[in-house]
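This briefing covers a ligand site and the aromatic pairs of one protein model. The sequence and structure come first, and the notes follow.

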Amino acid sequence: MMATTSGPVHASTAKPMFTFGVIADVQYADILDGRSFLGVPRYYRHSISVLQRAVSAWNKQGNIKFSINFGDIVDGFCPKDKSLWAVQKVVDEFDKFDGPTYHMFGNHCLYNLPRSKLVALLKMPTDSDRAYYEFSPCPEYRFVVLDAYDFSTLGWPRDHPVTAAATKFLEEKNPNTDKNSPEGLVGVDRRFVMFNGAVGKEQLSWLSDVLQDASERRQNVILCSHLPMDPGAASPVGLMWNYDEVMAIVRRYNCVKACFAGHDHRGGHTVDSHGVHHRTLEAALECPPGTSAFGHIEAYPDKLLLVGSDGMDDTEMCFQSPARPLL
Ligand SMILES: Nc1ccn([C@@H]2O[C@H](COP(=O)(O)OP(=O)(O)OC[C@H](O)CO)[C@@H](O)[C@H]2O)c(=O)n1
């Protein structure tokens with residue numbers, strides 16, 4: 001039995017259908033250690049060692065089918081003339097893993113490089129500049145990777161209509177001169193800061209179509225996003241701007257079993273009122289030298305089991321409604 005924040009995890013005797021690796025917020029930069037805005041130590045050079053340990057553990061385990069990187073591959077403090085080099089250096093480490101890695105955008109990625117460049121560098125499986133996509137590792141499971149900065153002030157060209165619309169939106173929601181500051185905002189309204197973003201209209205409609213199709217196929221869906229989507233699993237200041245709209249779509253179907261995210265570095269876990277698990281993953285960046293935050297997740301027909309390294313809590317996520325046979 002393993003220790004967890006959410007109760008005891010019972011080692012399963014059954015074989016998982018598949019297993020995948022997870023890591024979040026590497027935020028690598030070739031700079032001296034520093035601190036977050038709130039004073040939490042950040043180890044910019046050590047974070048790539050955490051990734052190296054993750055890849056080595058996944059390869060050693062031998063049955064990790066793919067890995068998911070939950071965004072913020074490099075830090076905003078990375079000198080901009082080194083951004084391309086730093087992203088490539090981290091991608092090269094992921095490439096040492098014996099399987100594909102699925103990436104998503106985080107705010108720090110977008111402080112460094114434009115969206116179009118990142119889509120290519122991160123080899124996102126899309127046929128355009130779109131940074132959201134889905135894949136199915138087996139007939140019973142579907143993964144949806146969201147672009148949580150599709151509607152945001154980050155990453156789009158200055159004269160792009162999304163930049164103008166998102167700037168106006170933030171102006172209406174956040175009265176502070178510094179739009180990264182949540183000062184004066186109360187409760188979940190604290191999420192209306194510039195380092196967050198939203199899933200845009202077209203992406204919402206695409207999500208609804210994917211979930212409809214997954215429901216018809218009786219698939220378990222796992223939503224992946226850099227930004228958390230439930231206040232029980234993250235601090236309000238880390239939430240997606242329109243997490244409520246995304247969750248309203250999720251609740252039209254009952255195929256989504258878990259939502260995974262990064263961004264809020266201390267991590268968290270909750271089960272929402274509809275039985276959906278929300279697990280925010282602990283950040284690689286904030287692991288003191290010699291420690292690590294990564295894990296692998298075993299997928300069963302009726303649950304997910306996250307087995308974490310020292311800095312990532314183990315979590316058993318039992319589904320409220322078990323998977324049914326395919327039609
Ligand atoms: N209260 C704050 C918090 C942050 N900032 C500034 O915003 C930029 C991004 O912040 P940072 O902490 O680096 O963002 P992360 O994505 O690493 O983490 C997100 C949060 O932890 C979510 O919970 C940076 O320039 C900060 O200085 C701010 O002004 N005021």
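How many residues surround the ligand, and which are the closest? The shell holds 16 residues, and the closest are Phe37, Arg42, Asn107, His108 and Asn180; a residue counts if one of its heavy atoms lies within 4 Å of the ligand. This is a predicted model, in which local features need pLDDT of at least 70 and side-chain atom pairs pLDDT 80 or more, while totals for chains, interfaces and linings use all residues. Residues are numbered from 1 along each chain as its sequence is written, and side-chain values use heavy atoms, with hydrogens and water left out.

**Ligand shell**
- By class, the shell has five nonpolar, seven polar (Gly is counted here) and four charged residues (Asp, Glu, Lys and Arg).
- Helix H3 (residues 107-112) gives the most to this shell, with three residues; helices are DSSP runs of at least four residues, and strands of at least two.

**Polar contacts and burial**
- Polar contacts are pairs of N or O atoms within 3.5 Å.
- A ligand oxygen lies 3.0 Å from a side-chain N or O atom of Arg42, and an oxygen of the ligand is 3.4 Å from one of Gln27.
- A ligand nitrogen is 3.3 Å from a polar backbone atom of Asn180.
- Alone, the ligand exposes 620 Å², of which the protein buries 80% (Shrake-Rupley method, 1.4 Å probe).

**Aromatic pairs**
- There are 21 aromatic pairs in the structure, with ring centres within 6.5 Å.
- Phe18 and Tyr141 form an edge-to-face pair (planes over 60 degrees apart) because their planes stand at 85°, with centres 5.2 Å apart.
- This pair joins distant parts of the chain, 123 residues apart: Phe18 is in strand E1 (residues 18-23) and Tyr141 in strand E7 (residues 141-145).

Terms used
A polar contact is a pair of N or O atoms within 3.5 Å; within protein, one must be able to donate a hydrogen and the other to accept it, and residues adjacent in sequence count only if both atoms are side-chain atoms. Rings of Phe, Tyr and Trp (its six-membered ring) pair if their centres lie within 6.5 Å; planes under 30 degrees apart count as stacked, over 60 as edge-to-face and the rest as tilted.
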